[in-house]
Amino acid sequence: MTKRNHPDWIKAFQDYASYGEAPPRMYFWVAVSTIAGALRRHVWVDMGHFQWYPNLYVILVAPPGVVAKTTTADIGMDLLRQVPGIAFGPSVVSWQALVQAFGQAAEAFQDPTTQEYLTMSPMTISSGEFGNLLNPQDKEMVDMLVNLWDGKGFRKVTKHSGSDDVVNPWINIIACTTPAWIAGNFPEYMIGGGFTSRCIFVYGDQKERYIAYVDEMVGKEDHSTRQALIADLEAISNLTGPFHITAAARAWGSEWYEKFWRNAASRMDDQMLEGYAARKQTHLHK
C-alpha cells in the first residue's frame with residue numbers, strides 16, 4: 001500500500017475543514033462517509049453467513065441556514081470526486097436512474113486472499129436536499145434502499161422492459177435536510193419498516209463559531225493539505241479484501257454488545273425503536 005500522508009485521515013480532515021461553522025460531529029461523519037465512498041465494496045468484514053460492507057446512509061439535519069449543511073458535506077465529497085474510479089449516483093433516485101448508474105459503475109477487482117475476480121457496482125450519492133433525492137411515499141424505492149444498505153442485489157421487473165438485474169450493488173449516501181421536513185414527510189412505515197434505523201442522523205441547531213468571511217480562515221497551506229488528503233483517499237481506495245477483527249477488538253465488542261442489549265431491553269418501550277437497537281452493532285462495524 002502507498003505510504004499515507006496522514007495516519008488518521010478523519011482527524012486530518014476535521015483540521016482541514018475546521019474553518020466552517022458546523023459542529024465537530026458533522027465534520028466527523030462527513031469524513032467517515034467520504035472514506036466509505038473511497039473503500040466501496042472492495043473491503044468487508046466476513047461474519048460467515050453475511051458480510052459487513054462500509055456503506056452508510058448519513059443524513060445531516062439542521063434548521064435552514066444555521067450550519068451550512070450542504071457546504072459541510074461538499075467539503076468531503078469534493079475530495080472524493082478527485083479520486084480515480086469513484087462513481088457518483090443520481091441526485092434524484094428512481095428505478096431507471098439507479099439501474100443506469102449501477103451499470104455505469106460496474107467493475108471487477110481481485111480478492112487478494114483467493115485471487116478470484118469479483119464484480120460489483122458501487123456508487124456514492126450526495127444530495128443537498130434529501131427531499132429531492134427520495135420520495136418517502138414511494139414504498140418500493142424505500143424498501144429497495146433498505147436491501148441495498150444490507151448489500152443485497154435487486155431485480156426490477158417491468159411490463160415493457162423485462163427485468164433489470166444488478167449484481168453486488170453498493171450504495172453510500174450522504175444527504176441534508178431539516179427537522180421540519182422530517183416531521184412533515186416521514187410516514188410511520190419508514191421507521192417501523194427499517195429505513196430510518198439504517199440512517200445515521202447527525203443533528204446541529206447552533207453554529208460552532210461565527211465566520212463572516214471564510215476566505216480569511218483558509219491558510220496558505222490549504223492547497224497542499226487538500227492534495228495530501230486526496231492522495232490518502234486514493235491509497236484507501238486501492239485497499240481490497242476482508243478486514244479482520246483482532247482478538248482485543250472482539251473482546252471489547254462482546255462486552256459492549258452484552259451491555260448495550262441489557263440496557264436496551266430495560267428501556268425499550270416503543271416497538272418502532274427496536275430497529276435502531278437491532279442495527280447498532282452493524283453501524284458500529286461499518
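Two residues are in contact when heavy atoms of each lie within 4.5 Å. Leaving out residues up to four places away in sequence, Thr-196 touches Phe-186, Met-190, Ile-191, Phe-201 and Tyr-276. This is a predicted model, in which local features need pLDDT of at least 70 and side-chain atom pairs count only at pLDDT 80 or more, while totals for chains, interfaces and linings use all residues. Residues are numbered from 1 along each chain as its sequence is written, and side-chain values use heavy atoms, with hydrogens and water left out.

**Thr-196**

- Thr-196 lies in the loop between helix H8 (188-192) and strand S9 (199-203); helices (H or I, at least four residues) and strands (E, at least two) are DSSP runs, numbered from the N terminus.
- Thr-196 is buried, with a relative accessible area of 2%; buried means under 20%, exposed over 50%, and partly exposed in between (1.4 Å probe, protein chains only).
- The side chains of Thr-196 and Tyr-276 are joined by a polar contact of 2.9 Å. Such a contact is a pair of N or O atoms within 3.5 Å; within protein, one must be able to donate a hydrogen and the other to accept it, and residues adjacent in sequence count only if both atoms are side-chain atoms.

**Aromatic rings**

- Rings of Phe, Tyr and Trp (its six-membered ring) pair if their centres lie within 6.5 Å; planes under 30 degrees apart count as stacked, over 60 as edge-to-face and the rest as tilted.
- The count by this rule is 13 aromatic pairs.
- One of them is the stacked pair of Trp-9 and Phe-13, with 5.4 Å from centre to centre and 15° between the planes.
- Both Trp-9 and Phe-13 belong to helix H1 (residues 9-17), where they are 4 residues apart, about one turn of the helix.
- Trp-9 is buried at 2% relative accessibility, and Phe-13 is buried at 0%.
- Phe-50 and Trp-52 form an edge-to-face pair, because their planes stand at 70°, with the ring centres 5.7 Å apart.
- Ring pairs also link Tyr-57, Phe-130, Trp-181, Phe-186, Phe-195 and Phe-201 into a cluster.

**Nonpolar cores**

- A nonpolar core is a set of buried Ala, Val, Leu, Ile, Met, Phe, Trp, Tyr and Cys residues joined through side-chain atoms within 4.5 Å.
- The largest such core has 38 residues, and those with the most contacts inside it include Trp-9, Phe-13 and Ile-75.
- Helix H2 (24-39) is among the elements that each supply at least two residues of this core, and its share, 8 residues, is the largest.
- Another core, of 32 residues, lies apart from this one and includes Leu-133 and Trp-149.
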